[in-house]
Amino acid sequence: MSVDLSKVASTNGSTPAEAKGGPKAAGAIANWADERLGLGTAMKKNLRKVFPDHWSFMLGEIALWSFVVLLLTGVFLTLWFDPSMTEVQYNGSYDPLRGVHMSSAMASTLDISFDVRGGLLMRQMHHWAAMIFIASMMIHMLRVYLTGAFRKPRELNWVIGCLLLLLGTIEGFTGYSLPDDLLSGTGVRAADGFMKASPVVGTYMSFFLFGGEFPGDSIIPRFYAMHILLIPGILLALVAAHMLLLVYHKHTQWAGPGRTEENVVGYPMLPVYAAKAGGFFFIVFGVITLLGGLFSLNPVWKFGPYDPSKVTAGSQPDWYMGWPDGLLRIIPAWETHIFGITLSWNVMLPILVMPPLMLMVLIALPFLEAWITGDKREHHLLQRPRNAPTRTAIMVALMTFYGLSWAAGGNDIIAIKMHLSINQITYFMRGAVFIGPVIAFIITKRWCISLQRHDEGKLLHGYESGVLVRSPEGGYAEKHLPLPVEEAYRLSARDNDPTPETVEEIESSGLAGRHLKLRKLRAKLAAVFFADNVQKPTAEELHDAQHHAEHELHELEAQIAAGPNKHGPADH
Amino acid sequence: MSDAHNTDPHGGELAISEPIADPGLPAHTWRPTDVDPAKEKRAERQVAGFFGLSAICTVLFLVSYFTLDIDDDWHVFAGFGASTMALGATLGLSLMFIGIGIIHWSRKLMADNEISELRHPANSPEEDRTATLEALNLGIEESGIGRRPLIRNSLLGAMGLVGLPAVVLLRDLGPLPGDKLEHTIWGQGVKGKPMRVVRDGIWTPILASDLEIGDLVNCQPDALHNPERYDIDPTEVEGIAAQVHKSKASLVLLRMNPEDIKPGKDKDGNSRENWTVDGIVAYSKICTHVGCPISLNERTTHHLLCPCHQSTFDLADSGKVVFGPAGRPLPQLPLGVDDQGYLVATRDFDEPVGPSYWERDYYER
């Protein structure tokens with residue numbers, strides 16, 4: 001497109017922008033503030049700070065903005081919610097429950113839903129925002145892991161992110177337990193069982209937390225204090241630390257023309273990034289509001305108040321608590337009874353061991369990978385998942401384990417909807433949680449390597465043009481054309497994997513004992529980690545391949561010119 | 001030959017590690033709104049239009065708030081749930097239009113030149129690090145903490161101890177468990193008035209003849225409704241106290257063919273054959289896994305299934321676990337009849353009910 005640059009607008013209006021009220025007033029305010037706060041120096045850099053653009057960088061923003069929505073809607077709910085387990089008779093607007101005895105917590109939840117205008121909207125927004133908060137944190141974490149954004153110098157931000165996920169989950173559990181309805185009460189009942197299963201101190205923990213025997217009258221007020229003060233306070237502090245580190249490290253970016261490890265390319269904070277991020281806040285807020293208004297969530301009035309003698313079929317926790325619940329369902333009935341004491345492996349393993357173990361594995365992943373690869377450099381360019389096949393395969397294996405455990409948490413629903421035997425589903429899941437991740441690991445790793453080979457093929461032989469040529473002898477060949485240089489650079493701008501140390505190298509290094517063993521283990525793991533990866537072509541290989549490709553192209557073109565098939569690439 | 005290798009086909013010099021030289025940032029391309037005043041004006045109108053739509057939605061929100069009722073009466077204006085729906089839809093759209101407007105503005109009208117900024121390594125410059133380390137060492141040196149182990153160690157000891165109050169202060173969160181988990185209100189029957197088994201919710205006593213084979217009844221101890229009959233203070237079975245009792249005492253009755261029942265052994269090794277009345281068995285309703293009330297009855301197999309984690313218990317065989325994660329059988333309540341023929345508990349459960357815990361003993365049925 002040829003453009004007459006003389007017509008290029010230098011402002012956003014048809015007349016040049018003049019310093020009217022706006023900039024002058026802003027300058028005056030900035031001066032006033034700087035003379036008191038001295039922020040000018042810090043702002044000088046940061047007002048035009050560069051943020052790279054990519055759709056996947058938006059996932060963390062969803063988490064951030066849904067957290068803001070949680071704070072706003074949560075404050076609204078505290079104005080009416082009464083965190084008390086005192087028994088009252090419900091006399092509000094909801095007819096089917098009028099006259100029923102329930103806790104003040106449940107009654108005030110019903111009041112918020114039926115007697116405060118917009119109350120149900122806020123309740124449902126709060127719950128939807130919580131779901132979106134945790135879901136977007138998880139997907140954001142997958143993005144960060146699968147693109148290698150967790151590597152040095154960002155490991156600590158990864159750890160903070162893992163803690164945010166943990167706290168978000170606890171915050172969700174304490175939150176949905178507050179209404180004291182039948183479903184959430186059943187969840188608290190199970191939590192009491194989890195605590196009692198803890199070795200030695202279990203019953204004491206339970207009696208202390210519940211202020212006596214389950215259910216007692218203390219659990220809702222105590223969860224309330226945790227839910228609106230303690231955990232949000234820590235969450236807020238960690239979110240702030242997460243953001244500060246992001247600003248300090250500057251955002252990672254994808255490799256591409258002009259985008260290197262040394263620079264960051266994108267839009268300035270003011271105005272474009274601020275406008276996009278700020279506008280996106282309103283979109284997240286708006287979507288959550290629409291969900292809250294149009295889609296019912298946690299209709300506690302249908303569940304009724306908590307009663308320890310009642311339960312409904314299909315009782316399940318919120319989805320993010322589903323995977324330990326699934327493990328709890330498929331674990332065999334393992335309990336040890338010895339010397340008059342009981343060890344409940346059937347509760348300890350799925351609930352007290354697995355979730356903390358999963359968290360520790362997540363936290364350890366960056367450090368483990370850095371140790372195996374021996375990589376001590378800073379990384380600011382993202383890696384495509386295919387270019388780190390083992391890393392990608394590890395996460396897909398973990399995702400498979402998570403997904404299968406989560407599905408096991410719905411084994412009763414699966415049995416009913418799909419007309420299957422719940423026993424057979426359970427037996428299948430017992431095996432699948434072990435075998436599934438292994439299969440997923442192997443498939444993912446090979447798939448990544450195959451994609452790497454595809455990239456190599458495109459670099460060396462060009463892309464498939466879709467033009468088939470028949471030779472005079474009757475053979476068919478497809479014409480390959482060289483990639484545009486930008487695309488070729490994008491594919492080739494990545495690190496080659498280091499060559500792992502050999503056993504001889506390690507043995508000649510003069511190490512002994514434990515250090516030698518550790519070094520050998522590390523070399524072995526590195527060999528497995530990088531095994532079969534495709535390295536990018538060297539300049540020489542590329543040159544030879546291009547030379548060869550040009551030769552083939554000439555031949556094909558000669559055939560086209562000679563033969564009856566006269567379609568050139570321009571016709572396509 | 002070597003010359004050819006150092007130059008890529010597009011004429012750039014090759015970086016040492018990269019097979020293809022960085023072509024550099026692509027040239028900026030102008031958008032239609034940059035070069036065409038008409039398109040620019042249109043975009044400006046669109047942005048303002050979105051903000052206008054948002055304002056309209058906000059007004060509609062206010063109108064909905066003051067006109068729609070949230071009462072659950074179907075006859076009020078616009079009916080049940082309309083208020084929540086209208087408020088959510090109008091507020092949601094009003095917020096979204098603001099967001100869409102701002103983003104449209106940034107994409108169409110704000111300068112779209114990508115700019116580049118240099119990164120800096122995360123660590124501080126070497127001289128700063130050295131200076132900081134020196135300052136740190138000087139500070140430690142001047143404090144003398146290294147030279148005065150008595151002060152250091154006594155401080156560490158005192159600080160370690162001062163953590164104790166934080167733990168001790170939590171002691172009054174709740175009472176000690178004692179033997180509370182080992183007893184239920186079923187054992188509080190008095191002489192001549194053993195604890196009746198009554199229907200949950202309607203509190204009526206049960207005759208053995210009321211139940212057909214295969215019938216399952218959810219039951220509670222009569223004392224929760226009739227405390228005076230058992231010399232129990234009514235405040236002990238009200239509100240929270242009632243919930244605590246129910247969480248241990250909830251019971252299921254199931255009548256089956258007496259020949260199907262395989263009586264197990266009780267705690268002392270005696271047979272449980274006289275724990276049933278005419279094929280009616282009574283078991284704790286609280287799952288021995290994590291404490292959900294069990295309620296799914298498989299009528300033909302006398303199996304009882306917990307809806308939470310699918311532990312399945314065989315009520316004809318001492319409540320043994322036939323499937324699922326629960327680690328021990330359901331506790332059985334010994335049944336009898338009182339002088340009026342109503343079903344009663346002859347005594348309390350002979351083991352704790354509900355989820356397992358560390359101090360719990362176990363015996364083979």
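## Contact between the chains

In this predicted model, 95 residues of chain B are in contact with 114 residues of chain A, two residues being in contact if their C-beta atoms, placed from the backbone, lie within 7 Å. The largest share of the side of chain B that touches chain A comes from helix 4 of chain B, with 18 residues, and the elements that each supply at least two residues include helix 3 (37-67), helix 7 (239-249) and strand 3 (216-221) of chain B. Helices (H or I, at least four residues) and strands (E, at least two) are DSSP runs, numbered from the N terminus.

By residue type, that side of chain B divides into 53 nonpolar, 25 polar and 17 charged residues; Ala, Val, Leu, Ile, Met, Phe, Trp, Tyr, Cys and Pro count as nonpolar, Asp, Glu, Lys and Arg as charged, and the others, Gly among them, as polar.

Residues are numbered from 1 along each chain as its sequence is written, while chains are lettered from A and ligands numbered from 1 in the order in which they are written. Local features need pLDDT of at least 70 and side-chain atom pairs count only at pLDDT 80 or more, whereas totals for chains, interfaces and linings use all residues.

An open sheet is formed by 3 strands in the order 1(A)-5(A)-1(B), with antiparallel pairing; two strands pair if DSSP finds at least two bridges between them. Strand 1 (50-51) of chain A and strand 1 (115-118) of chain B are the edge strands, each pairing on one side only. Helix 10 (residues 269-294) of chain A packs on this sheet and touches strand 1 and strand 5 of chain A, its direction making about 75° with that of strand 5 of chain A; axes are lines fitted to C-alpha atoms, for helices over the stretch in contact, and angles run from 0 to 180 degrees between N-to-C directions.

Within chain A, 2 bridges join strand 1 to strand 5 (residues 263-268), and A:Phe51 has A:Tyr267 as its bridge partner in strand 5. Between the chains, 4 bridges join strand 5 of chain A to strand 1 of chain B, where A:Val264 stands opposite B:Glu117.

## Nonpolar cores

A nonpolar core is a set of buried Ala, Val, Leu, Ile, Met, Phe, Trp, Tyr and Cys residues joined through C-beta atoms within 7 Å. The largest such core has 167 residues, and A:Ala129, A:Phe133, A:Ile288, B:Val197 and B:Leu253 are those with the most contacts inside it. Its largest share, 15 residues, comes from helix 5 (residues 119-146) of chain A, and the core draws at least three residues from each of domain 1 (1-115) and domain 3 (181-345) of chain B, the domain bounds coming from an automatic or database domain assignment.

Leaving aside neighbours within four places in sequence, A:Ala129 is in contact with A:Ser66, A:Val69, A:Leu70, A:Thr73 and A:Ile288.

## The surroundings of A:Val347

A:Val347, found in helix 13 (residues 345-373) of chain A, counts as buried because 31 C-beta neighbours lie inside 10 Å; a residue is buried if 20 or more other C-beta atoms lie within 10 Å of its own, exposed if 12 or fewer, and partly exposed in between. Not counting residues up to four places away in sequence, A:Val347 touches A:Gly193, A:Phe194, A:Ala197 and B:Val290.
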